Amino acid sequence: MTAADIHAAILAAWRIEQPRLITSLSRMLRDVPLAEELTQDTLVAALEAWPSSGVPERPGAWLMATAKRRALDHLRRGKMLARKHGMLALDFEREQQAMPDFDASLDDDIGDEMLRLIFTACHPLLSRDAAAALALRMICGLTTEEIARAFLAPEATISQRIVRAKRTLSESGLTYETPRGEALAERLASVLEVVYLIFNEGYTASRGDDWMRPQLCQEALRLGRVLVGVAPREPEAFGLLALMELNASRAAARTDAQGEPILLLEQDRMRWDFVQIRRGLQALGRAQALGGEGGYYVLQAEIIACHARAGTADATDWSRIARLYGILSARVRSPIIELNRAVAVGMAEGPQAGLAIIEAIADEPALRNYHLLPGVRGDFLHKLGRHAEARAAFEMAAALAGNRRDRDLMQRRAREVP
Amino acid sequence: MRFMYIVTSPQPMQAPTPALMEAMGKITEREIKAGRMIDNGGLMPLREGARIAIANGKLSVTDGPFVEAKEVIGGYAIFELRDKAEALAMAKEFMQLHLDYMPGWEGICEMRAMIGHGTEMSGDEKAAILAEAIRA
């Protein structure tokens, strides 16, 4: 085995055990940031010991024993400090006495600890970037280097981000909370935002990017699965999971042999992952059974589900999509959502109906430099036979396009107008 | 990357010991809560199933109780993991449990990466499979 092989094997063994390590330590220490630190220390210990001693037969047991030993050392130091300050060490004694039963009760509580971890990492007090890094670190076991590669940031930046995030949590006394009931529902929004951010970062990765970038979609999916596991009565958690599974299901069909993106309506649906679609639709069904119909993520998942259910582009239920965008638009005032609604209405009711919606949002400041506004208008005008106007619209879209590919597409559409 | 694990053992299939069941249950729970397990299943004994075989240009059906098999598939699991090293570590841990809690048991856990989930077959691999199919 080469040194690189050994390193990979150690990292893999640690990653397999990492969920149990961090949840155990979290419970022992009643401190999530500290648990994270000691989990990392345990990895360092293995990286130091195993190249010479070899990977143990039961690596998980070695890692857990090492982690617990460090935690106990920490608690003992705290106990000594407490004695020094004349405080009663009763709590620490009780903690130590509870140790023997610890393993048995943890297995029941691993869900509780996972819940704490994910809600701590995604605390609204932290910036979304910091929360994303912390979540990927604590729940997914990514290294700083992997997170840095995934977000195209320098490793030092990510490292600092994580250190600062942990400090913010410690200083605010937020090291071990258990959001429940209403508090959980409130805090859920932050968690969903962070997970969705991670997914989108991975989803927009281009071919030729570092492999860690599209891998972010898998990490986000994993976070989504953990989340529905610890918050099984939250419809929006299932909604987000459904949205991610359904979007990820098109991964193999999204780019051509040259790495150029293929529009959804032009994709080869035989390359869609039907197992993933089934899981996405199941999650969506669960969300609806929990009463989540009008939710932000549930609505988006419903829209994508319309595409997923259609065997061919022609079979798409555009009326339903238009209706769903209508509900979404009423909930979230967004000109981009209205633009998407215009496309759907155009497909369902004809270009005149679509154009009416476009005209209503023509002056929205948010869309001023968005090439798809004139692009979609051009499409409707072309279908209505208003050729000169259509050509002008496509040319405007080409001028606004942010990259060569979009510009080429708009210029081609301009040329194709009779 | 997605991996499937298929466990085979010699006939007759032994039921796992309670200790093994408990240990496997803990790993399963850990993996579900960690969001890494996608699917898993135990299979009913071969007696409840059947074998449909092709040999010497003929198709034959043998009902479960009459199948002569030296080894039988016991179950499968599917995980979403980072890479082959993780998949190996998982498999070794799983099999170590058998060693620890069901001494005397012998068997094989075959670990296979699933096509298309972070693993694309190379052009050469695709060509080789096609060539074999044509030859057969």
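This is a predicted model: local features need pLDDT of at least 70, side-chain atom pairs count only at pLDDT 80 or more; totals for chains, interfaces and linings use all residues.
Local features need pLDDT of at least 70 and side-chain atom pairs count only at pLDDT 80 or more, while totals for chains, interfaces and linings use all residues. Residues are numbered from 1 along each chain as its sequence is written, and chains are lettered from A and ligands numbered from 1 in the order in which they are written.

Trainee: How many helices does chain A have?

Mentor: Helices are DSSP runs of H or I with at least four residues, and strands are runs of E with at least two, numbered from the N terminus. Chain A has zero strands. Its helix count is 18.

Trainee: What percentage of chain A is buried?

Mentor: Buried means 20 or more other C-beta atoms within 10 Å of the residue's own, exposed means 12 or fewer, and partly exposed lies in between, with C-beta atoms placed from the backbone. Chain A has 418 residues. The buried share is 43%.

Trainee: Which helix gives the most to the side of chain A that touches chain B?

Mentor: Contact means C-beta atoms, placed from the backbone, within 7 Å. By that test, 22 residues of chain A are in contact with 18 residues of chain B. The elements giving two or more residues on the chain A side are α1, α4 (90-121) and α9 (212-230). With eight residues, the one that gives the most is α1(A).

Trainee: How are α1(A) and α2(B) oriented to each other?

Mentor: Axes are lines fitted to C-alpha atoms, for helices over the stretch in contact, and angles run from 0 to 180 degrees between N-to-C directions. Helix α1 (residues 3-29) of chain A and helix α2 (residues 84-101) of chain B pack at about 60 degrees, axes 8 Å apart. Angles under 35 degrees count as roughly parallel, over 145 as roughly antiparallel, 65 to 115 as roughly perpendicular and the rest as oblique. The two helices are therefore oblique.

Trainee: How many residues of the contact of α1(A) with α2(B) are charged?

Mentor: The contact includes A:A8, A:A12 and A:R15 of α1(A), and B:E86, B:L88 and B:E93 of α2(B). Asp, Glu, Lys and Arg count as charged; Ala, Val, Leu, Ile, Met, Phe, Trp, Tyr, Cys and Pro as nonpolar; the others, Gly among them, as polar. Nine are nonpolar and none polar. The charged number three.

Trainee: How many bridges join β1(B) to β6(B)?

Mentor: Strand β1 covers residues 2-10 of chain B and runs antiparallel to β6(B). B:T8 stands opposite B:I108 in β6(B). The bridges number six.

Trainee: Is A:L152 buried or exposed?

Mentor: A:L152 sits in the loop between α6 (144-150) and α7 (155-171) of chain A. Its phi is positive, near 55 degrees, and the residue is not a glycine. With 12 other C-beta atoms within 10 Å, A:L152 is exposed.

Trainee: Where is A:R30?

Mentor: A:R30 also has a positive phi, about 55 degrees, although it is not a glycine. A:R30 is partly exposed, with 15 other C-beta atoms within 10 Å. Its place is the loop between α1 and α2 (32-53) of chain A.

Note on methods
Two residues are in contact if their C-beta atoms, placed from the backbone, lie within 7 Å. Two strands pair if DSSP finds at least two bridges between them.
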